[in-house]
Structures are given as C-alpha cells and as structure tokens.
Amino acid sequence: MRIILFGPPGVGKGTQAKLLAEEFAIPHISTGDLLRAAVKNKTPLGMKAQEYMSQGNLVPDEIMIGLIEEVLSSKKASKGFILDGFPRTVAQAKALDALFERMGIALDRVISLRVEHDEVIRRLAARRMCRQCGRIYNLHQLDDETTKCQDCGGELYQREDDKPETSRHRLEVYLKETKPLKDFYRRSGRFTQIDGMKDIPVVHKTLLDLLLKNGLPKE
Ligand code: AP5
C-alpha cells in the first residue's frame, strides 16, 4: 500500500499515519520528522533546513526531492509506505510521479483530512511532542505534572514552529503552495477527502474503512 496523507499543518496527518503504520505494518515516512532528526543531529541537511523550518517556510524543492528519492528507494519502503508531509508543492508532486514511474510502482491514493482553520491553530497550540521517539500528544491528554513521554520517558516539548504566529504563517504557506495539489491529484482520480474534525479514533476508523473498501490489503 502506498498512500499520501494530505492536509494543512496540525490536521492530524502524523497522528493518523502512526496508527495506520502499525495497523498495516508499513513505514510512516514523515518529511517533517526526517528534517527534525537532521536538525537535532546537526547534519548538513539539518543545517540547511533549520532556518526555513523555524520560520514556518518550506525547505527548497531540490533538497526535499533529493531526500524523498533516497528514502523511498531504500529497502525500508519496499513493501509500501504512508507519506506524511510530502509532496507540498506541484514541483514535488511531479517529481514524485516521475520517481514512481522510474521505480515501476504506483500511488494508491491521496487522502486529504479536512479540518476548519481555527481548529488547526488550536490543535497546534496544544501539541506536545516527545523529543526522543516523536510520539505526538495534546495538552488535553496530559495532566499538569506530566513532562515525560509515556512510551520512552523522553522529554515532552513544544515545537518551535507551533507558536501561534509561526503556525498562522505555516497555514498561509499551506494555502498558497500546497492546497493547489488537491486539484493536481483530483485530476488524476487518486484523491479522497475525509472529515478530520471528528475524534482521533473516529477518523482512524474512517481511514481504515476507506482503505479496505479500496481493496488495499493488510500486509
Ligand atoms: P511537518 O512536520 O510535516 O509539519 P506539518 O505538515 O505542518 O504538519 P504537522 O506535523 O504540524 O501536523 P499534523 O497534520 O501531522 O498533525 P498532528 O498529527 O501532529 O513539517 C514541518 C516543517 O518541515 C515545515 O513547516 C517545513 O518547513 C518542513 N517540511 C516538511 N516537509 C516538507 C516538504 N515536503 N517540503 C518543504 N518543506 C517541508 O496533530 C496535531 C495536534 O492535534 C496533536 O496535538 C494531536 O494530538 C492533535 N490531534 C490530531 N488529531 C486530532 C483529532 N482528530 N482531534 C483532536 N486533536 C487531534
């Protein structure tokens, strides 16, 4: 199964991708997570990406296309994947189609999560992440004293780009650069939009029903 989870920042792509990855036993490939790891490890990629990310801007296409080619060509992705955060521009989407053609594989579906913009900003403000394993939390799930990840004991932190001003800018960048991709994928008949306003388990169930209905088998 090869799918893309699509939508604005904070819509729940990472949350749902992690659940599906467990369910279908395929990797969740998040370009945001890959970039944050590169920044943390101070790799050449991280050094290049850091400033764009902290300001809520997109990392240039040539860097992102190179990164995704490397990851999707690796053994880890050979049985399928859930892409989260890529593509984000028409140039990235075209490069991804060209890569799939070279690799002789096909994209099964692009699933867009729809959430009202005010709710997206609220979700981003309330998000906390584990610095170690990347588990995603929101403040409503945590009591005041909880500062450590329930899975690995790592420190919980607020992403620099989740501060309200940067979140709003990321949403503007999404509307200008990324939202036009909906038409790109609609035209190719690979696009489905679902309601992301519902609770996490309800959205997960909707995704599962959709994927299984489309005949995408569990591994
Ligand atoms: P990235 O990490 O991809 O950020 P994003 O797309 O903005 O998405 P988010 O991670 O913010 O949100 P999400 O949809 O995954 O929501 P989540 O599940 O966490 O990218 C970061 C930066 O990297 C970019 O700004 C850019 O600089 C760079 N970058 C990455 N890819 C790039 C690319 N291809 N090209 C160029 N630059 C790139 O949920 C959010 C919160 O809501 C959580 O607290 C969660 O618990 C909660 N929540 C989730 N679902 C629900 C629900 N149903 N109800 C209530 N709360 C919910």
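What covers the buried residues of helix 5? The cover includes strand 1 (2-6), helix 4 (61-72), strand 3 (81-84) and helix 8 (181-187), where contact means heavy atoms within 4.5 Å. Helices (H or I, at least four residues) and strands (E, at least two) are DSSP runs, numbered from the N terminus.

This is a predicted model, in which local features need pLDDT of at least 70 and side-chain atom pairs count only at pLDDT 80 or more, while totals for chains, interfaces and linings use all residues. Residues are numbered from 1 along each chain as its sequence is written, and side-chain values use heavy atoms, with hydrogens and water left out.

**Helix 5**

The buried residues of helix 5 are Gln92, Ala93, Ala95, Leu96, Leu99 and Phe100. Because they cover an arc of only 160° around the axis, they sit on the same side of helix 5; the arc is that of the directions from the helix axis to the C-beta atoms. An α-helix has 3.6 residues a turn, so residues three or four places apart point the same way. Lys94, Glu101 and Arg102 are exposed, on the face of helix 5 turned away from its buried side. Here buried means under 20% relative accessible area, exposed over 50%, and partly exposed in between (1.4 Å probe, protein chains only).

Helix 5 (residues 90-103) has 14 residues and should span 20 Å at 1.5 Å a residue, which agrees with the 20 Å between its end C-alpha atoms. The expected span is 1.5 Å times one less than the number of residues. Just after helix 5, Gly104 has a positive phi of about 70°.

**Arg109**

Arg109 belongs to strand 4 (residues 109-114) and is buried, with a relative accessible area of 15%. Its side chain makes a polar contact with the side chain of Thr192 (2.7 Å). A polar contact is a pair of N or O atoms within 3.5 Å; within protein, one must be able to donate a hydrogen and the other to accept it, and residues adjacent in sequence count only if both atoms are side-chain atoms.

**The ligand**

| Residue | Ligand atom | Distance |
|---|---|---|
| Gly10 | oxygen | 2.8 Å |
| Val11 | oxygen | 3.2 Å |
| Val59 | nitrogen | 3.0 Å |

The largest share of the shell around the ligand, four residues, comes from helix 2.
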